[in-house]
Amino acid sequence: MAKRALITGITGQDGSYLAELLLDKGYEVFGMVRRASTTNFWRIEHLLDRLVLKPGDLLDQLSLIKVLEDVRPHEFYNLAAMSFVPASWDQPMLTGEFNAQGVTRALEAVRRVDPKIRLYQASSSEMYGKVREIPQTELTPFYPRSPYGVSKVYAHYITVNYRESYDLFAVSGILFNHESPRRGLEFVTRKVTDGVARIKLGMTDTLGLGNMDAQRDWGFAGDYVRAMWLMLQQDQADDYVIATGESHSVRELVELSFGHVGLDWQKHVKMDPRFLRPAEVDHLIGDSSKARKALGWTPEVDFAELVRMMVDADMARLSSARGTPEGVEAR
């Protein structure tokens, strides 16, 4: 009998890659989607005939319970979130309601419907914020620097609390930044690669950016969803940092992206203070030794390959007559 998996945030970057992975492994895959006036299914269009989508909302406890009762999943991947960090300053209350209390509702629904369901919660490197040590591990203290980061700290600890209080198999993956051609255009990696493609194709001449010295540990989303799955296959529930262990600046991202298409970035990039964060996080770089040893996980796509992949995808998309609809969605 095939395993059943439920994914919230299935229309987002991570959800689409995870759905592909699970389908390839023979799972029955169900996605929980919010009712909306417009659909945003472009990342999973190629999978729609193999998925079952269920209406539900992390803001509505009863809808979560109903979805779990209908699907009866073996594994529940909670990837839905207000995931764009700068927007969390504009909507701090909604960010907390969705990212923090929404996770509590998901855990409570599992506890009430079937405590044997294994739950994966998407934690974030943004929880480290003003970092206490470099690199960051599972034991590094959190010091979030945005409403998004604060909401993720709550979600992380409520997952630990339910695991220890109710003996749930609930784990958190502390994922550092992970990108792909399916990343939303509002994120700096896609903003850069899309901008490079537009400049190369003569559609624009400049690209406005904020802090060029910000450093992140960037990996490939396709590698990271494999780690999510591995966490739910273990004998014991635990939390893991998932990262490449390498840090790169926005400046390096820009240099590689422009260089890939033979352009000089200094002729096109302009500093724009509108894109500066009210409080910037420090040097984020993850130590995934625990995951590599316990899960046997290693990233396969390096930073340079990731950047080339994203630039090539944006060049192909913008060169085509169709284009691809974009939208802000869950991670």
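The model is predicted, so local features need pLDDT of at least 70 and side-chain atom pairs count only at pLDDT 80 or more, while totals for chains, interfaces and linings use all residues. Residues are numbered from 1 along each chain as its sequence is written, and side-chain values use heavy atoms, with hydrogens and water left out.

**Stop 1: the domains.** Colour domain 1 (4–179 + 219–242) and domain 2 (188–216 + 247–280 + 301–322) separately. These bounds come from an automatic or database domain assignment. The C-alpha centres of the two domains lie 28 Å apart.

**Stop 2: strand β5.** Select residues 118–124. Helices (H or I, at least four residues) and strands (E, at least two) are DSSP runs, numbered from the N terminus. Six of the seven residues in β5 are buried. Buried means under 20% relative accessible area, exposed over 50%, partly exposed in between (1.4 Å probe, protein chains only).

Two strands pair if DSSP finds at least two bridges between them. Look for N78 opposite Q121 in β5.

**Stop 3: the largest core.** Select I7, L18, L22, V29, Y77, Y120 and I242, the residues with the most contacts inside the largest nonpolar core, which has 40 residues. Such a core is a set of buried Ala, Val, Leu, Ile, Met, Phe, Trp, Tyr and Cys residues joined through side-chain atoms within 4.5 Å. Elements giving two or more residues to this core include β1 (4–8), β5, β6 and α10 (303–319). Helix α7 gives the most, with eight residues.

Centre on I7. Beyond its neighbours within four places in sequence, its contacts (heavy atoms within 4.5 Å) include L18, L22, V29 and Y77.

**Stop 4: R317.** Finish in helix α10, where R317 sits. Is R317 buried or exposed? R317 counts as buried because its relative accessibility is 12%. Its side chain joins that of D314 through a polar contact of 3.0 Å. A polar contact is a pair of N or O atoms within 3.5 Å; within protein, one must be able to donate a hydrogen and the other to accept it, and residues adjacent in sequence count only if both atoms are side-chain atoms.
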